[in-house]
Amino acid sequence: MSINTDMAVRVTAITQVAESVKRFRFERLDGKPFPVFPGGAHVVVAWKDGGMIRRNPYSLMSAPGDTSAYEISVLRVEKSRGGSAFLHEKVKLGDTLSLSQPVDLFPIDQRGRKHIFMAGGIGITPFMAMMDQLSKLNQNFELHYAVRTRTHGAYWQELTERYGAHRVKIYCDAEKLFIPTEPLLGAQPLGTHLYVCGPGGMIDGVLGTARKLGWPEENLHSERFLAPPPGAPFTVKLTRSNKTVEVAEHQSILEAVEAAGVDAPFMCRGGACGQCETNVTACDGEILHHDHYLPQADKASGKKIMICVSRIKGKEITLDL
Ligand SMILES: Cc1cc2nc3c(=O)[nH]c(=O)nc-3n(C[C@H](O)[C@H](O)[C@H](O)COP(=O)(O)OP(=O)(O)OC[C@H]3O[C@@H](n4cnc5c(N)ncnc54)[C@H](O)[C@@H]3O)c2cc1C
Ligand code: FES
């Protein structure tokens, strides 16, 4: 994605909405309206942190039709490279950051006659916008929302008040209340679509149960808040740009090539959209594929890599970039 389409924004509100979760409200510096976005879309938030530019994707959780501001909610992740900690601790009212255009990799399937949302923790964010969209269209939906404790769970009270306890069910680990996935998914009318967002294990478990119950693949939708995992440093040779770049332990290949001034395409930075797919010319080790995009055959071929999340176990990889 070209940096030229990014929008410069000012932080106009910061609200602590739960333990470790803050909501940020952004308004455009040029005073123009934001684009209307579909529920489920995210933006890539970019800001300067010392000498580096950080770019993290966040789901838009404000009302999709509200063009006056965009809002995101951020969980402060303890074991990380510190992007979420920076947003929590360093970003203040009036600061300026940059947002990409909204990208929707988790859309509502308009064919659905009923929509079941299953959220775990911060995975609630895309559903906030999706439920706003569906409620305005008078469509049938239910939310099943699992939280660690009631103080860790963001928005559960507000959502229950807004949409009613018949449509919003809260399950709290600390109270030994868990989503009854199997009976719930076993009792849905034909034409129901399922959407799940939360920890990886939850997504795998819910989708596995749905498949076991015979749900059609096209009715299953999920989004993973995947981030680039750390690993041993290695070297990347870029044939078209004629550059050699070092990828540090806490950097992705994409971040390393960006820091070297090479403009590589991206949309999600989380291994899901396919934009950063890059041809591999040579690799002296093993490619560690962390994405959810490439088919197994492409992963096995050793000829493709998603540079936003994948790395290598080896010394050097040569890319057609
Ligand atoms: C499409 C999409 C939408 C998203 N929407 C949201 C949202 O609405 N709200 C939200 O809070 N987040 C969201 N995320 C996640 C978000 O982009 C960031 O990954 C998150 O905020 C953590 O950022 P970070 O810079 O603090 O950590 P990152 O450095 O990105 O690390 C995140 C994870 O990487 C691993 N990791 C990285 N470094 C280390 C290390 N040194 N030691 C151990 N483990 C490590 C850990 O598993 C850690 O939890 C979304 C992600 C995607 C792909
Ligand atoms: S940027 Fe989306 S898969 Fe890499």
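This is a predicted model: local features need pLDDT of at least 70, side-chain atom pairs count only at pLDDT 80 or more; totals for chains, interfaces and linings use all residues.

Q: How does the chain get from strand 7 to strand 8?

A: The chain passes from strand 7 through helix 2, residues 125-136, and on to strand 8. This β-α-β crossover is right-handed.

Q: And how many bridges join strand 7 to strand 8?

A: Six bridges join them, and strand 7 and strand 8 (residues 141-147) run parallel.

Q: What about strand 10, how does strand 7 pair with that one?

A: Strand 7 and strand 10, which spans residues 192-197, are also joined by six bridges, in the parallel sense. Within strand 10, Cys197 is the bridge partner of Ala119, and Val196 is the bridge partner of Met118.

Q: Is strand 7 mostly covered or mostly open?

A: Strand 7, residues 114-120, is mostly covered, with six of its seven residues buried.

Q: Staying with strand 9: is Lys169 buried, partly exposed or exposed?

A: Lys169, which has its place in strand 9, counts as partly exposed because it has 18 C-beta neighbours inside 10 Å. A residue would need 20 or more to be buried.

Q: How far is Lys169 from His144?

A: Their C-alpha atoms are separated by 5.0 Å, although the two residues are 25 residues apart along the chain.

Q: Let us change topic. Which strands make up the mixed sheet?

A: That is an open sheet of five strands in the order 13-12-18-14-16, and its pairing is mixed. Strand 13 (243-247) and strand 16 (304-306) are the edge strands, each pairing on one side only. Here the neighbouring strands are turned by 40° against each other on average, direction ignored.

Q: In what sense do strand 14 and strand 18 pair?

A: Strand 14 (residues 277-283) and strand 18 (residues 316-319) pair in the antiparallel sense, over three bridges. Ala282 stands opposite Thr318 of strand 18.

Q: How is the chain divided into domains?

A: The division gives domain 1 (3-99), domain 2 (114-223) and domain 3 (234-319). Between the C-alpha centres of domain 2 and domain 3 the distance is 34 Å.

Q: Now the ligand. Which residues come nearest to ligand 1?

A: Of the 28 residues around ligand 1, the nearest are Ser80, Gly83, Ser84, Ala227 and Gly270. The elements giving two or more residues to this shell are strand 4 (52-59), strand 5 (70-75) and helix 1 (83-89).

Q: And how many of the shell residues are nonpolar, polar or charged?

A: The shell around ligand 1 divides into 14 nonpolar, 11 polar and three charged residues.

Note on methods:
Residues are numbered from 1 along each chain as its sequence is written. Chains are lettered from A and ligands numbered from 1 in the order in which they are written. A residue is near a molecule or strand if its C-beta atom, placed from the backbone, lies within 6 Å of it. Helices (H or I, at least four residues) and strands (E, at least two) are DSSP runs, numbered from the N terminus. Ala, Val, Leu, Ile, Met, Phe, Trp, Tyr, Cys and Pro count as nonpolar, Asp, Glu, Lys and Arg as charged, and the others, Gly among them, as polar. Domain bounds come from an automatic or database domain assignment. A residue is buried if 20 or more other C-beta atoms lie within 10 Å of its own, exposed if 12 or fewer, and partly exposed in between; C-beta atoms are placed from the backbone. Two strands pair if DSSP finds at least two bridges between them. A crossover is right-handed if, with the strands pointing away from the viewer, the path from the first strand over the helix to the second runs clockwise. Axes are lines fitted to C-alpha atoms, for helices over the stretch in contact, and angles run from 0 to 180 degrees between N-to-C directions.
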